[in-house]
Amino acid sequence: MARQHARTLWYDRPKYVFMEFCVEDSTDVHVLIEDHRIVFSCKNADGVELYNEIEFYAKVNSKDSQDKRSARSITCFVRKWKEKVAWPRLTKEDIKPVWLSVDFDNWRDWEGDEEVELAQVEHYAELLKKVSTKRPPPGMDDLDDDSDSAEATSN
């Protein structure tokens with residue numbers, strides 16, 4: 001039986017490239033991440049062997065990359081060698097294999113977003129400061145006595 005390619009989704013972030021090999025109930029999973037390529041293989045629930053080999057667009061830090069298997073897919077977190085450099089594509093060659101697609105659910109145009117991210121961090125820091133400020137507990141004088149309302153409903 002010939003090997004097939006696993007459907008693969010990918011998206012780009014400032015420090016990492018994320019890849020998801022979409023294989024449900026995978027067995028015999030092997031992921032090899034090298035500085036210039038990734039080799040993925042496994043068997044699906046029907047016993048079909050799946051194999052993908054991808055030459056990366058740019059060099060990655062294979063020692064700081066990892067993969068995680070779930071029941072529906074195998075996700076790889078591949079650390080870029082040069083951070084904050086956008087990848088226009090995943091592959092070294094300017095081709096798009098039919099089994100490789102951009103993960104538009106997770107894709108985000110992050111170039112130039114540093115100011116936006118910094119503003120968000122400052123906003124969250126202010127919220128945390130407000131939440132963590134110790135204040136006296138609220139007064140409970142205006143709450144009704146539950147025993148009075150319980151007697152009224154039982155009559």
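1. Basis. The model is predicted, so that local features need pLDDT of at least 70 and side-chain atom pairs count only at pLDDT 80 or more, whereas totals for chains, interfaces and linings use all residues. Residues are numbered from 1 along each chain as its sequence is written, and side-chain values use heavy atoms, with hydrogens and water left out.

2. Sheet. Five strands make up an open sheet of mixed pairing, ordered β6-β7-β2-β1-β8; strands here are DSSP runs of E with at least two residues, numbered from the N terminus, and two of them pair if DSSP finds at least two bridges between them. The edges are taken by β6 (60-69) and β8 (100-102), and because each has a single partner strand, one side of each lacks a neighbour in the sheet. Direction ignored, neighbouring strands are turned against each other by 20 degrees on average, the axes being lines fitted to C-alpha atoms.

3. The antiparallel strands β6 and β7 (residues 74-80) are joined by six bridges, and D67 has C76 in β7 as its bridge partner.

4. Positive phi. Although D25 is not a glycine, its phi is positive, at about 50 degrees; the residue lies in the loop between β2 (16-22) and β3 (27-33) and is partly exposed at 47% relative accessibility. K84, also not a glycine, has a positive phi of about 60 degrees, belongs to the loop between β7 and β8 and is exposed at 52% (buried is under 20% relative accessible area, exposed over 50%, partly exposed in between, with a 1.4 Å probe and protein chains only).

5. Aromatic pairs. The whole structure holds six aromatic pairs, where rings of Phe, Tyr and Trp (its six-membered ring) pair if their centres lie within 6.5 Å, and planes under 30 degrees apart count as stacked, over 60 as edge-to-face and the rest as tilted. F18 and F77 are edge-to-face, at 5.4 Å centre to centre and 90 degrees between the planes; since F18 lies in β2 and F77 in β7, this pair ties together parts 59 residues apart in sequence. F18 is buried at 15%, while F77 is partly exposed at 25%. The tilted pair of F56 and W87 has 6.1 Å between centres and 55 degrees between planes, and both F56, at 4%, and W87, at 3%, are buried.

6. Cluster and charges. Ring pairs connect Y11, Y16, F18 and F77 into a cluster. The charged end of R3 sits over the ring of Y51, 4.0 Å from its centre, and that of K59 over the ring of W81, 4.0 Å from its centre (NZ of Lys or CZ of Arg within 6 Å of the ring centre and within 35 degrees of the ring normal).

How values were computed:
Helix = DSSP H or I, 4+ residues; strand = E, 2+ residues; numbered from the N terminus. Axes fitted to C-alpha atoms, helices over the stretch in contact; angles between N-to-C directions.
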